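Here is a short briefing on one protein chain. Look over the sequence and the model first, then read on.

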Amino acid sequence: DSFHPIVRVTAAAGTGKTTTLLHLALRCIDLNHKQLTYVTYSKASAVDAQTRIQALLPDDKKNCIEASTLHSCAMRILSKQSLESELDQERGIIFEDKFRKLIAEVCNDSIESYLSQAYHHIEIMDKSNEKGRRKRKMKKAYDQVIFWLAKSFNSFCIKEMTLEELKDEKNAFRHYYPFKASIFKPGEVADKLGFPLALYSSERSYKFY
């Protein structure tokens with residue numbers, strides 16, 4: 001019914017909500033809709049729905065309905081809308097892996113400076129005499145800093161904050177990670193990655209990020 005395009009199925013668990021929605025999707029195909037997306041919240045549910053859809057659809061229409069998670073659906077839409085370049089200048093779209101590479105490219109000197117004492121600590125504390133092992137530890141530490149920077153940028157983007165507020169080291173809300181987390185406590189992430197806790201702290205990290 002064109003006057004009621006939204007259908008809500010509300011029922012207790014195990015009463016057939018998914019089956020009802022799947023059959024509604026099949027009915028849409030019968031009414032000559034060419035392509036449908038069945039969106040769910042978990043990968044397991046999407047796989048289950050796709051399996052059941054394939055079993056119900058005739059061979060010539062098995063590609064008419066695609067089940068996916070909400071995140072997968074969103075990423076597919078962004079991929080189709082973005083330009084061939086890695087960064088869509090008009091929409092400002094850049095994906096996570098490319099975003100981290102961009103951070104590494106732009107901030108490399110600052111990151112290396114921040115990590116210099118951690119690198120020195122790793123070389124002193126690693127008794128294995130395996131150069132490759134030390135390099136892997138340093139790479140993990142570097143990747144962790146990239147991750148922290150990405151989280152800080154993401155936090156800034158979702159908050160109503162000016163650049164001046166972001167630069168203000170006294171602003172406790174300029175980012176939430178890792179300043180408010182237990183990252184720099186004994187036995188936690190930074191300690192395991194080789195950051196000497198006598199030299200690194202949440203406060204120092206907060207100023208850097």
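Val7 lies in the segment before helix H1 (17-30). Val7 counts as exposed because its relative accessible area is 53%, where exposed means over 50%, buried under 20% and partly exposed in between (1.4 Å probe, protein chains only). The model is predicted: local features need pLDDT of at least 70, side-chain atom pairs need 80 or more, and totals for chains, interfaces and linings use all residues. Numbering starts from 1 along each chain as its sequence is written, and side-chain values use heavy atoms, without hydrogens and water.

**Surface patches**
- Val7, Leu21 and Leu24 make a nonpolar surface patch of about 230 Å².
- Patch residues have over 30% relative accessible area and no salt bridge; like charges are joined within 9 Å, nonpolar side chains (Val, Leu, Ile, Met, Phe, Trp, Tyr) within 5 Å.
- A salt bridge puts a side-chain nitrogen of Lys or Arg within 4 Å of a carboxyl oxygen of Asp or Glu.
- A patch of negative charge on the surface gathers Glu164, Glu165, Asp168 and Glu169.
- Glu164 sits in helix H6 (residues 163-167).
- Glu164 is exposed because its relative accessibility is 59%.

**Fold**
- The chain holds 8 helices and 2 strands, taken as DSSP runs (helices H or I, at least four residues; strands E, at least two).
- Along the sequence the pattern is α-β-α-β-α-α-α-α-α-α.

**Whole chain**
- The chain has 209 residues, and 30% of them count as buried.
- The accessible surface is about 14600 Å², with 55% belonging to carbon and sulfur atoms (Shrake-Rupley method, 1.4 Å probe).
- Of the contacts (heavy atoms within 4.5 Å) between residues at least 6 apart in sequence, 57% join residues at least 24 apart.

Key
Lys and Arg count as positive and Asp and Glu as negative; His and the chain ends are not counted. The place of a charge is taken as NZ of Lys, CZ of Arg, CG of Asp or CD of Glu.
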